[in-house]
Amino acid sequence: MTRLLYIEASPRREASFSSRVGHAFVTAYREAHPDHEVAHLPLFDVDLPAFGGEGANQKMAQIAEMVRGGSGIEAAGEWAGVVAEVERLKAADKIVISSPMWNFSIPYRLKHYIDLVCQPGLTFYVNRQGEYVGMLDDRPLQLVLASGSPYAPRFPREGDGTKTDFQRWYLEHIARLIGIDDIRVIKIEPTGMLDPGKLDELLARRIAEARRAAAEF
């Protein structure tokens, strides 16, 4: 059975533009693919596994084990939580992430999740040429991203100043690290610069876009 994993990174629920469009996408996806399984991971409503000193030391042990030619360390302690989250991600044939922009980047709970699942030997490895090779290269990713201001649709540049988008481009960079090249983006902006009528129009357009995209996802 085809599985879709929806990762929701805003704690504001229906007050969140990214969540509203993300939920519209998932609803339309269910309608278009009633036989598919859809899992919802609301990052601010779940207890993500801890990843502190123990987990960081286990990550270094994992790297050392792989350098020696091994297959990795035992899934125990904090590393067991890491492995569980990676397995949940790998079980998804399709991935959707909705997220607001916080301080030009992403909410801390999404960063926590990324730090859990981006692990050597589990979602990527380094080949003999010293290149990163992703291990999730057979699935698409749909990003649904909101920001209060408009941002240039390109990777940040040195001269961009403080108004720089580290949200979309960081998420795309991480996706490619773990092997996902089929990346699709719906951007909801500028949510903080429009009067209520214009904002409602923007939201309606993006919800319609999301519904069309879901039917083809």
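Helices, as named in these legends, are DSSP runs of H or I with at least four residues, numbered from the N terminus. The structure shown is a predicted model.

**View 1. Elements around the largest cavity of the predicted model.** Helix α4 makes the greatest contribution to the lining of the largest cavity, giving four residues to it. One cavity of 30 Å³ or more is present in the structure, and the space in the largest cavity comes to about 150 Å³. Two or more lining residues are supplied by each of β3 (94–100), α4 (108–117) and α5 (168–177).

**View 2. Residues that line the largest cavity.** The lining is made up of 14 residues, and those nearest the centre of the cavity are I97, Y113, I114, I174 and I178. When the lining of the largest cavity is sorted by class, 14 residues are nonpolar, while no polar and no charged residues are found there.

**View 3. The open sheet of five strands.** The strands follow one another in the order β2-β1-β3-β6-β7, with parallel pairing. At the edges stand β2 (37–42) and β7 (183–188), each of which pairs on one side only. On average, and with direction ignored, neighbouring strands of this sheet are turned by 15 degrees against each other.

**View 4. The pairing of β6 with β7.** Strand β6, which comprises residues 141–146, pairs with β7 in the parallel sense, and six bridges join the two strands. Within this view, L141 can be found opposite I183, a residue of β7.

Terms used: Residues are numbered from 1 along each chain as its sequence is written. This is a predicted model: local features need pLDDT of at least 70, side-chain atom pairs count only at pLDDT 80 or more; totals for chains, interfaces and linings use all residues. Side-chain values use heavy atoms; hydrogens and water are left out. On a 1 Å grid over the protein atoms alone, a cavity is a set of points where a 1.4 Å probe fits but cannot get out, and a pocket is an open set with protein on both sides within 12 Å along at least five of seven lines; lining residues have an atom within 4 Å of a point. Grid points are joined across faces, edges and corners, and a volume is the space filled by probe spheres set on the points. Ala, Val, Leu, Ile, Met, Phe, Trp, Tyr, Cys and Pro count as nonpolar, Asp, Glu, Lys and Arg as charged, and the others, Gly among them, as polar. Two strands pair if DSSP finds at least two bridges between them. Axes are lines fitted to C-alpha atoms, for helices over the stretch in contact, and angles run from 0 to 180 degrees between N-to-C directions.
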